[in-house]
Amino acid sequence: MDIELRLLKSFVAIFECGTLSRAAERLGCTQAAMSMRLKLLETEVGEQLFRRRHHRLEPMPAAMDLYGHALKVLSAY
């Protein structure tokens, strides 16, 4: 799996912030852009990463696995 760094950074922000709007604020982009990045990443991974719960995103097991990998890759840069 060869995921763009921009998508990994966005994923980590979403994972840590718990909402698309807070993640977008953190990265200085729009909520729509963050939503599109999540959709691209889920397509790349081939499964849903978050369960939508009211106003929060709950990480699925695939997100838990990807989070550890993403942190390692990002720390290398």
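User: How many salt bridges does the count come to here?

Analyst: The count comes to 5 salt bridges, where a salt bridge is a side-chain nitrogen of Lys or Arg within 4 Å of a carboxyl oxygen of Asp or Glu. Bear in mind that this is a predicted model, where local features need pLDDT of at least 70, side-chain atom pairs count only at pLDDT 80 or more, and totals for chains, interfaces and linings use all residues. Residues are numbered from 1 along each chain as its sequence is written, and side-chain values use heavy atoms, with hydrogens and water left out.

User: What makes arginine 6 and glutamate 4 a salt bridge?

Analyst: Their closest N and O atoms sit 3.2 Å apart, so the pair meets the 4 Å rule. Side chains of opposite charge can pair when their charged atoms come close.

User: Why is arginine 6 called partly exposed?

Analyst: Its relative accessibility is 37%. Buried means under 20% relative accessible area and exposed means over 50%, with partly exposed in between (1.4 Å probe, protein chains only), so arginine 6 lands in the middle class. Glutamate 4, at 43%, counts as partly exposed too.

User: What makes Arg51, Arg53 and Glu58 a network?

Analyst: Glutamate 58 has a salt bridge to arginine 51, with N to O at 3.0 Å. Glutamate 58 also has one to arginine 53, at 3.5 Å. Both distances pass the cut-off, so the three residues are linked through salt bridges. As for accessibility, glutamate 58 comes in at 33%, arginine 51 at 32% and arginine 53 at 41%, so each one is partly exposed.

User: Why do we say that the buried residues of α3 line one face?

Analyst: The buried set includes Met34, Arg37, Leu38, Leu41 and Glu42. Looking down the axis, the buried residues fall within an arc of 135°, so they line one face of α3. That arc is taken over the directions from the helix axis to the C-beta atoms. Ala32, Lys39 and Thr43 are exposed on the other side. The cover over the buried residues includes α1 (5–17), α2 (20–27), β1 (50–53), β2 (56–59) and α4 (61–76), with contact meaning heavy atoms within 4.5 Å.

User: Why is serine 10 called buried?

Analyst: Serine 10 has 1% relative accessibility, so it clears the buried cut-off. It belongs to helix α1. Leaving aside residues up to four places away in sequence, serine 10 touches Leu27, Met34 and Arg37. Its side chain also reaches the backbone oxygen of arginine 6 at 2.9 Å.

User: How do you know that cysteine 17 and cysteine 29 are not in a disulfide?

Analyst: A disulfide is a pair of cysteine sulfur atoms within 2.5 Å. The sulfur of cysteine 17 is 11 Å from the closest cysteine sulfur, in cysteine 29, so the two are too far apart for a bond. The count therefore comes to 0 disulfides. Cysteine 17 is buried at 13%, whereas cysteine 29 is partly exposed at 22%.

User: What makes the phi of histidine 54 worth a look?

Analyst: Histidine 54 has a positive phi of about 45° although it is not a glycine. Most residues other than glycine have a negative phi. Histidine 54 sits in the loop between β1 and β2, and at 84% relative accessible area it is called exposed. Glycine 46, which follows α3, also has a positive phi, near 90°.

Technical notes:
Helices (H or I, at least four residues) and strands (E, at least two) are DSSP runs, numbered from the N terminus. A polar contact is a pair of N or O atoms within 3.5 Å; within protein, one must be able to donate a hydrogen and the other to accept it, and residues adjacent in sequence count only if both atoms are side-chain atoms.
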